[in-house]
Amino acid sequence: MKKIKIHSEALVASLIEIPFFQSLSRKDLEDLSEICDVETYEDGEWLIKEGSLSKKLFAILEGTVLISSKTESNKRVELATLEQGAIVGETSLFTKEPSTADVTAKGNLIVMGMSQKCFISFINSHQSAGLKMLTFIIYGLIEKLRESNKAMISEKELYVSLEDIESLKDLFPTTEDILEQ
């Protein structure tokens, strides 16, 4: 990871294209650009490491990230791929819990990072913008919860029930039937 300097106007122009920031005023975006870091990552570099305490929200300005997590048997599972315009790490702004997934660069990546401290300071000093940002985060987390619920329901539907097993018994001979032959 390398921090890079980018002209405030260029960063504001990039932020305007990201849904998370589109409802903010130009002045709010200019103020935000003064307190955030612009960072570059190379392919495979971690933005967020599973199990670590991350306290930063990232907005993808250019590139793609892969979100993945380990199963109980240490198998890596890809959960999502996010591209330019997405935000990631938003839950870290509100919890003191370790991250539940890895977020890694997929190719070259440029992000704007906002620490928890900067985020709290910004929403306190720019209350209207802060309310809009918090609302966006809440709706985003609700959508992620809905998707997780759908995935869990689909997974549970794949399990074979006792009723399914009982109905299969009629299709096969019992041990007694086999012995009688």
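**Aromatic pairs and more**

Guide: This is a predicted model. The structure holds four aromatic pairs.

Visitor: How are the rings of Y41 and F58 arranged?

Guide: Their centres are 6.5 Å apart and their planes sit at 85 degrees, so the pair is edge-to-face.

Visitor: Where in the chain do Y41 and F58 lie?

Guide: Y41 is in strand β2 (residues 37–41) and F58 is in strand β4 (residues 56–62), so the pair ties together parts that are 17 residues apart in sequence.

Visitor: Okay, and are Y41 and F58 buried or exposed?

Guide: Y41 is buried, and F58 is buried too.

Visitor: What about F94 and F119, what kind of pair is that?

Guide: With ring centres 6.1 Å apart and planes at 90 degrees, F94 and F119 make an edge-to-face pair. They link distant parts of the chain, 25 residues apart: F94 is in the loop between β7 (87–88) and β8 (102–105), while F119 is in helix α3 (residues 116–125).

Visitor: Is F119 buried or exposed? And F94, buried or partly exposed?

Guide: F119 has 0% relative accessibility, so it counts as buried. F94 has a relative accessible area of 43%, so it is partly exposed.

Visitor: Which residues form an aromatic cluster?

Guide: F20, F21 and F136 form one.

Visitor: Switching topic. Which residues have the most contacts inside the largest nonpolar core?

Guide: Those are L15, F20, F21, M112, M114 and M133, in a core of 24 residues. Several elements each supply at least two residues of this core: α1 (8–16), α2 (26–35), β4, β9 (109–115), α3 and α4 (127–157).

Visitor: What is M112 in contact with?

Guide: Leaving aside neighbours within four places in sequence, the contacts of M112 include L11, L15, F21, V38, L57 and F58. There's also a second, separate core of 14 residues, with I48, I67, A86 and V111 among them.

Visitor: Let's do strands. Where is T64?

Guide: T64 is in strand β5, which covers residues 64–70. At 17% relative accessibility T64 counts as buried, because the cut-off is under 20%.

Visitor: What does T64 touch?

Guide: Not counting residues up to four places away in sequence, T64 touches T81, L82, E83, T104, A105, K106 and L109.

Visitor: And how does β5 pair with β6?

Guide: β5 and strand β6 (residues 76–83) pair in the antiparallel sense, over seven bridges. One of the details is that K70 has R76 in β6 as its bridge partner. In the hairpin of β5 and β6 there are five residues between the strands, and N74 takes a positive phi near 65 degrees.

Visitor: Zooming out, how many helices and strands are there?

Guide: The protein has six helices and nine strands.

Visitor: Is the protein a compact globule or more spread out?

Guide: More spread out: the radius of gyration is 23 Å, well over the 16 Å that the globule rule gives for 181 residues. The C-alpha trace spans about 85 × 35 × 30 Å along its principal axes.

Visitor: How much of the protein is buried?

Guide: Buried residues make up 31% of the 181 residues. The accessible surface comes to about 12000 Å², and 56% of that belongs to carbon and sulfur atoms.

Definitions and conventions: Residues are numbered from 1 along each chain as its sequence is written. This is a predicted model: local features need pLDDT of at least 70, side-chain atom pairs count only at pLDDT 80 or more; totals for chains, interfaces and linings use all residues. Side-chain values use heavy atoms; hydrogens and water are left out. Helices (H or I, at least four residues) and strands (E, at least two) are DSSP runs, numbered from the N terminus. Buried means under 20% relative accessible area, exposed over 50%, partly exposed in between (1.4 Å probe, protein chains only). Contact means heavy atoms within 4.5 Å. Two strands pair if DSSP finds at least two bridges between them. Rings of Phe, Tyr and Trp (its six-membered ring) pair if their centres lie within 6.5 Å; planes under 30 degrees apart count as stacked, over 60 as edge-to-face and the rest as tilted. The radius of gyration is taken over C-alpha atoms; the globule rule is 2.2 Å times the number of residues to the power 0.38. Accessible areas come from the Shrake-Rupley method with a 1.4 Å probe; for residues, only the protein chains shown count as cover. A nonpolar core is a set of buried Ala, Val, Leu, Ile, Met, Phe, Trp, Tyr and Cys residues joined through side-chain atoms within 4.5 Å.
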